[in-house]
Every structure is written in structure tokens, then in C-alpha cells.
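Hi,

Here is the structure I promised to pass on.

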Amino acid sequence: MSADAHDHEIWRERAAVYALDALTGDERREFETHLQSCVECAAELQTLRPAVGALSQSVPQLDPRPELRDRVMSAALGETRATAVTSPPAKAIRVEKAKSPLRWLPVAAMLLLAVGLGVYANGLRGRVARLETELDDARSQSALLQARVERDESTLASTQGQLASAQGQLAVVTAPDARRVALAGQKGAPGASGLANWSPTRGLALSVSNLPQLLAMRDYQVWLLTKDKPVSAGLLPRDAVDGRTVVFMAPGGVEPIGVALSEEPEGGVPQPGDRIYLVGLMARAQ
Amino acid sequence: MVEPAPERRILERMAAGDGDALRELYDLHGRAVYSLAVRILRSQPDAEDIVQEVFVQAWRQAARYDATRGTVVGWLLMQAKSRSIDRLRARKARPEQADDAQRPEPVDTGVSADVQVVRVEQAQRVKEALERLPVLQKTALELAYYEGLTHVEIAEQLEQPLGTVKTRIRQGLLKLRDALGGTGMPDVMRDGTSK
């Protein structure tokens with residue numbers, strides 16, 4: 001209040017910049033301190049508020065898409081409101097309405113209090129908005145990380161699958177009771193060949209090559225030949241027709257003397273038909 | 001002299017959990033909130049996010065609305081402005097998206113063609129007052145309000161001394177205030193919550 005006219009002109013300029021929220025942080029704090037002791041600047045600020053508010057309405061008015069209304073409603077009404085329902089409407093600080101055109105000139109103390117509260121509330125709102133923005137950013141980051149983790153887990157699972165398969169093959173091949181079987185192409189697939197290792201405890205490891213193109217609705221089925229009758233070891237995966245080693249579990253109680261492969265209706269059959277493409281008999285046990 | 005604002009009754013109903021009241025509030029002011037967000041962010045999806053945030057917040061905080069701080073629409077627009085500027089700053093902080101947000105352009109850019117442009121008399125009067133300002137005053141005001149720049153940043157952008165920018169901002173605001181005073185207060189400030 002005791003500042004000279006020149007000084008006050010500087011404060012008035014700051015009031016205008018402050019009203020637009022365009023002061024730097026230090027200047028803003030300095031001005032807010034000044035506001036607490038200067039009714040003139042507080043009043044000046046209040047006269048500028050309508051002009052600032054007007055800027056928000058001077059933009060071209062656009063109709064939002066009708067869907068936005070539903071989106072807003074479901075976002076708002078879909079969530080539970082923690083406190084508002086039980087809290088009574090806030091009793092605002094009552095300010096008498098002035099009838100003079102100078103509606104902004106209330107009791108000085110009340111004005112200062114209102115400005116002070118407004119400043120404080122503005123600060124809080126700004127902080128809340130910033131925190132919410134940071135929270136949003138953190139959520140995005142979290143979603144990205146989650147996606148990356150899922151991708152890595154998927155890669156890991158795939159790698160683990162390959163590893164398990166390799167270990168299965170190795171287990172069969174290196175089993176003390178493993179017996180090696182060379183499979184030869186038969187009529188209908190003379191160029192085909194295969195190599196199997198059989199272990200009664202660890203199963204059958206089989207790789208094949210040069211089989212005929214498999215037709216739709218058909219499967220290759222692998223058989224363990226016994227003295228009695230062929231026992232199915234399982235279907236050859238469709239992506240394993242050329243070189244990849246596949247491990248089949250050892251059926252219980254089977255003592256094979258050979259291995260065969262036939263083409264069968266999709267899903268396999270209890271006993272092989274006549275399209276037998278590979279047959280091999282076992283070498284003697286070591 | 002001034003009727004109690006219907007908006008305040010809407011807020012009271014919202015505070016009591018009345019969802020229809022929120023619909024009424026949206027129907028009254030959703031367009032203004034959306035338009036301001038589009039002006040600042042120049043992006044329809046971003047502006048829609050802001051509208052959602054503002055009205056969800058209004059729903060949550062209806063009971064805490066303080067009429068001494070201004071009108072309901074003023075409250076909503078202040079939230080919209082603050083959130084839009086925050087988003088604009090966050091976008092500028094990410095270099096790959098910064099270009100389109102760096103420079104102010106004519107106000108109608110960035111809006112898809114299917115959005116109908118509607119002007120109300122009130123908005124037109126305010127806009128005309130702004131348009132009549134000398135270009136430096138107008139630009140300084142727009143950079144501060146719609147771009148969220150500090151007066152220091154405005155001075156750099158306009159290549160003007162700091163003191164000049166502050167003076168222009170004040171002159172512009174005063175002229176805008178005077179122009180509005182001649183035809184009545186803007187609706188934003190009108191519903192009897194003056195201090």
C-alpha cells in the first residue's frame with residue numbers, strides 16, 4: 001500500500017500476467033506474497049478475471065461427436081464416488097452480491113481471503129492436475145512394460161518348448177537302452193527315409209525326410225512294430241515332415257522290433273492301412 | 001437482482017448422486033469445454049479426453065464446488081484449460097510430437113471436417129473484441145492463454161523485450177475488459193458469484 005506509483009505500475013503489470021497464469025514460478029510466488037498485503041492489486045486482479053474468462057469462450061464453438069456424451073456418462077457414472085454422495089454440498093464462503101456496477105468491490109478483507117483461497121486452490125488444482133498427468137504417464141509406461149513382459153514370456157515359453165524337445169531327443173539318443181532304427185522308403189514313397197532311436201524308458205525319437213506331400217484331411221501316423229501287431233506311437237506333426245526330430249512317448253509294455261510310418265485319415269486310426277511309406281527294423285540291443 | 005444459477009442446483013443434484021444432473025451439465029457446457037480443448041490441443045481425440053476428464057472430475061467433486069470461486073461454466077473451463085495446457089506441455093516434452101504444437105495457427109485448424117462449427121452471439125462478441133486488439137497484444141494474450149507460455153517464453157518467441165510483453169499483455173487484457181464492460185459481462189462471469 002505504501003509502494004510508490006512506479007513500483008505499483010510494475011505490480012499491476014504483473015497482475016495482468018498473473019491473471020493469465022504466465023508468470024514464471026519465482027515471479028508467481030513473489031506476486032502472491034505481494035497480493036496478501038495489497039488490496040489494490042487484488043482488486044485489479046479481480047477486474048481482469050472476466051477478461052481472462054472471456055478468452056475461454058472466444059474460441060470457435062464446435063459440437064463434439066454425439067458418442068462423447070455416452071462415453072463421458074459411462075466414465076463418470078460407472079465409477080463409485082468415494083465421498084461426494086455422503087458429503088453435503090460445500091457451504092461456500094458467502095459473499096454479498098453488490099448491486100453497483102462495481103460488483104468486484106466487496107469488503108477488502110473478504111476479497112483478500114477469497115483471493116488467497118483462490119490462489120491456494122489454484123496451486124492445489126495445478127498440482128493435482130500435474131499429478132494426474134504423471135499418473136497417466138506412469139500407467140502408459142506400465143502398459144508398455146506389461147506388453148514387453150508378455151512378449152518376453154511368450155518368447156521364453158517358445159524357447160523352453162524347443163529346449164524340452166531337444167532334451168527329449170537327447171534323452172532318447174543317449175539312453176543306455178537306446179536302439180537305432182533306419183527306416184527305408186516303401187512303395188508309394190521310394191525316395192523317403194527316416195532315422196529313429198528307440199528307448200523303452202524314454203520313447204521314440206524320429207526324423208524323416210522326402211515324404212510325399214501330405215493331402216488335406218490326411219495325417220502321417222507312426223507305428224511301433226511288435227511281434228504281435230503295430231502299436232500307434234502317435235501322429236507326425238505336419239511341420240515335421242522334413243528333417244526335424246520328434247519325440248514320442250513310449251507306450252507302456254510295448255517291445256517293438258521295428259518302426260513304421262503310414263499315411264492315414266486325419267486324426268489317425270487304430271491299425272495302419274495300406275499306405276505304408278517307411279519301415280525299419282531294429283538293430284540288436286547293445 | 002441475479003437469479004440463483006440453475007447450474008448450482010445441478011451441482012447440488014450431482015452431489016446427491018443424480019446422474020441426470022450430470023447429463024444436464026454436459027448438455028449445457030460440454031460444447032464450450034470441448035471447443036476450448038480443441039483450440040488449445042488442436043486434436044479431436046485429445047480434446048475428447050479432456051472433456052471426459054473435466055466432467056468426471058465435476059461428478060466426483062460436485063459436493064466441493066465453491067460458488068465463491070466463480071460460475072460453474074467458469075469452473076469447468078478453467079479445468080479444461082489447465083488440463084489442456086498440461087497435456088500440451090507434456091506433448092511438447094516429447095520431441096517426436098512437438099512440431100504441430102509449437103506454433104500458434106489460425107484457430108480452425110486441427111478439427112475434422114465433420115465437426116459442425118457453431119458460434120453463439122456471446123462467443124462472437126468476445127472474439128470480436130479480441131480481434132480488434134493490436135496484433136502484438138492479441139498474440140501475446142493468445143500465446144499466454146492458449147499455448148500456456150510464460151511471458152519470458154512469449155518475449156523470446158515474439159523477439160520483444162520482457163517489459164514490452166508484460167505491458168502488451170496488460171493493455172490487451174484491459175481493452176478486452178473494457179470492450180466486455182460495454183456490452184455486459186460475459187456469461188462465464190455472470191451468474192452472481194462476483195466478489
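Of the 286 residues in chain A of this predicted model, 27% are buried, where buried means 20 or more other C-beta atoms within 10 Å of a residue's own, exposed means 12 or fewer, partly exposed is in between, and C-beta atoms are placed from the backbone. For chain B, the buried share is 47% of 195 residues.

Some bookkeeping before the details. Residues are numbered from 1 along each chain as its sequence is written, while chains are lettered from A and ligands numbered from 1 in the order in which they are written. Since this is a predicted model, local features need pLDDT of at least 70 and side-chain atom pairs count only at pLDDT 80 or more, whereas totals for chains, interfaces and linings use all residues.

The make-up of the two chains: chain A has 5 helices and 9 strands, and chain B has 9 helices and 1 strand. Both kinds of element are DSSP runs numbered from the N terminus, helices being H or I with at least four residues and strands E with at least two. Read from the N terminus, chain A goes α-α-α-β-α-α-β-β-β-β-β-β-β-β, and chain B goes α-α-α-α-α-β-α-α-α-α. Take the contacts with a separation of 6 or more: in chain A, 62% of them join residues 24 or more positions apart, and in chain B the figure is 67%. A contact here is a pair of residues whose C-beta atoms, placed from the backbone, lie within 7 Å.

Now to helix α4 of chain A, residues 66-77. Its 12 residues reach 17 Å from first C-alpha to last, close to the 16 Å expected at 1.5 Å a residue; the expected span is 1.5 Å times one less than the number of residues. Which residues of α4(A) are buried? They are Leu68(A), Val72(A) and Ala76(A). These three sit on the same side of α4(A) because they cover an arc of only 60 degrees around the axis, the arc being that of the directions from the helix axis to the C-beta atoms. Pro66(A), Glu67(A), Asp70(A) and Ser74(A) are exposed, on the face turned away from the buried side. The cover over the buried residues of α4(A) comes in part from the other chain, including α2 (19-41) and α3 (44-61) of chain B.

That brings in the helix packing of chain B. Two packed helices are described by the angle between their axes and the distance between the axes. Axes are lines fitted to C-alpha atoms, for helices over the stretch in contact, and angles run from 0 to 180 degrees between N-to-C directions.

- α2(B) packs on α4(B) (residues 72-93) at about 25 degrees, axes 9 Å apart. That angle makes the two roughly parallel (under 35 degrees; over 145 is roughly antiparallel, 65 to 115 roughly perpendicular and the rest oblique). Residues in this contact include Val33(B), Leu36(B) and Ile40(B) of α2(B), and Leu77(B), Ala80(B) and Leu88(B) of α4(B).
- α1(B) (residues 6-15) and α2(B) cross at roughly 145 degrees, and their axes come within 8 Å. This crossing is left-handed. Glu7(B), Ile10(B), Arg13(B) and Met14(B) of α1(B) meet Ala21(B), Leu22(B), Glu24(B), Leu25(B) and Leu28(B) of α2(B).

A few backbone spots to check. Asp21(A) is not a glycine, yet its phi is positive, near 60 degrees. Asp21(A) lies in the loop between α1 (5-19) and α2 (25-35) of chain A and is partly exposed, with 18 other C-beta atoms within 10 Å. Arg42(B) is another non-glycine with a positive phi, near 55 degrees, in the loop between α2 and α3 of chain B. Is Arg42(B) buried or exposed? Buried, with 20 other C-beta atoms within 10 Å. Glu159(B), which follows α8(B), has a positive phi near 55 degrees too.

Last, Ala184(A) in strand β2 (residues 179-185) of chain A. Ala184(A) counts as partly exposed because it has 14 C-beta neighbours inside 10 Å. Beyond four places in sequence, its contacts are Ser193(A), Leu278(A), Val279(A) and Gly280(A).

Cheers

How values were computed: Contact = placed C-beta atoms within 7 Å. Left-handed = near helix turned anticlockwise from the far one by under 90°.
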